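I opened my notebook to keep a record of what I looked up in this structure, one entry at a time.

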Amino acid sequence: MEEEQVLCHIVIRRQQLFHKDCRYLVYGLSEVVTHPGFRGQGLGTTLIRKASLFIEKQGADLSIFTCKPSLVPFYSQGGWAAVPGACLVGGTKEQPFRSDRLGLKTMIQFYSPHAKKHKKDFEKSDIFLELSPQQLW
């Protein structure tokens, strides 16, 4: 915030994830935006780095969300990496909402030893994160 104007904004979401017989505490980024007049000053990068530290302090196993391919380098600066062949499937069980059908990349950052041990389980895999209808992180 600067005076009464929002310069940068981010939402951090939290949920349990069950993937390949393992349970994880996951956090995701959503609604990451920087006011057009303030882009290119490093505000967004600072914000996602602070978000990563916050998520780690919460005891997260991992952080997962989707983004456009052009934003992969931006989120990589915060510690996330595009996972090869991973597809985040949001929505509901009755109405799954697939990130690959939208051309999005699945970004993950592994925090806990448990998640790091199972890192390969996320490659070339559908990752089901039940949310609301037609919702993804």
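I first looked up I12 and found that I12 stands opposite L29 in β2, where a strand is a DSSP run of E with at least two residues and a helix a run of H or I with at least four, both numbered from the N terminus. The two strands concerned, β1 (residues 8-19) and β2 (residues 22-34), pair in the antiparallel sense over 11 bridges, and pairing here requires that DSSP finds at least two bridges between two strands. In the hairpin that β1 and β2 form, with 2 residues between the strands, I noted that K20 takes a positive phi near 50°.

Before going on I wrote down that this is a predicted model, in which local features need pLDDT of at least 70 and side-chain atom pairs count only at pLDDT 80 or more, while totals for chains, interfaces and linings use all residues. Residues are numbered from 1 along each chain as its sequence is written, and side-chain values use heavy atoms, with hydrogens and water left out.

Next I followed β2 to its other partner: β2 and strand β3 (residues 62-67) run parallel and are joined by 2 bridges, and Y27 has S63 in β3 as its bridge partner. Together with helix α1 (residues 43-57), β2 and β3 make a right-handed β-α-β unit, which means that, with the strands pointing away from the viewer, the path from the first strand over the helix to the second runs clockwise.

Is S125 buried or exposed? S125 counts as buried because its relative accessibility is 6%, the limits being under 20% for buried, over 50% for exposed and partly exposed in between, with a 1.4 Å probe and protein chains only. S125 lies in the loop between α3 (113-117) and β8 (126-128).

Last, I looked up R49 in helix α1, which is partly exposed with a relative accessible area of 43%.
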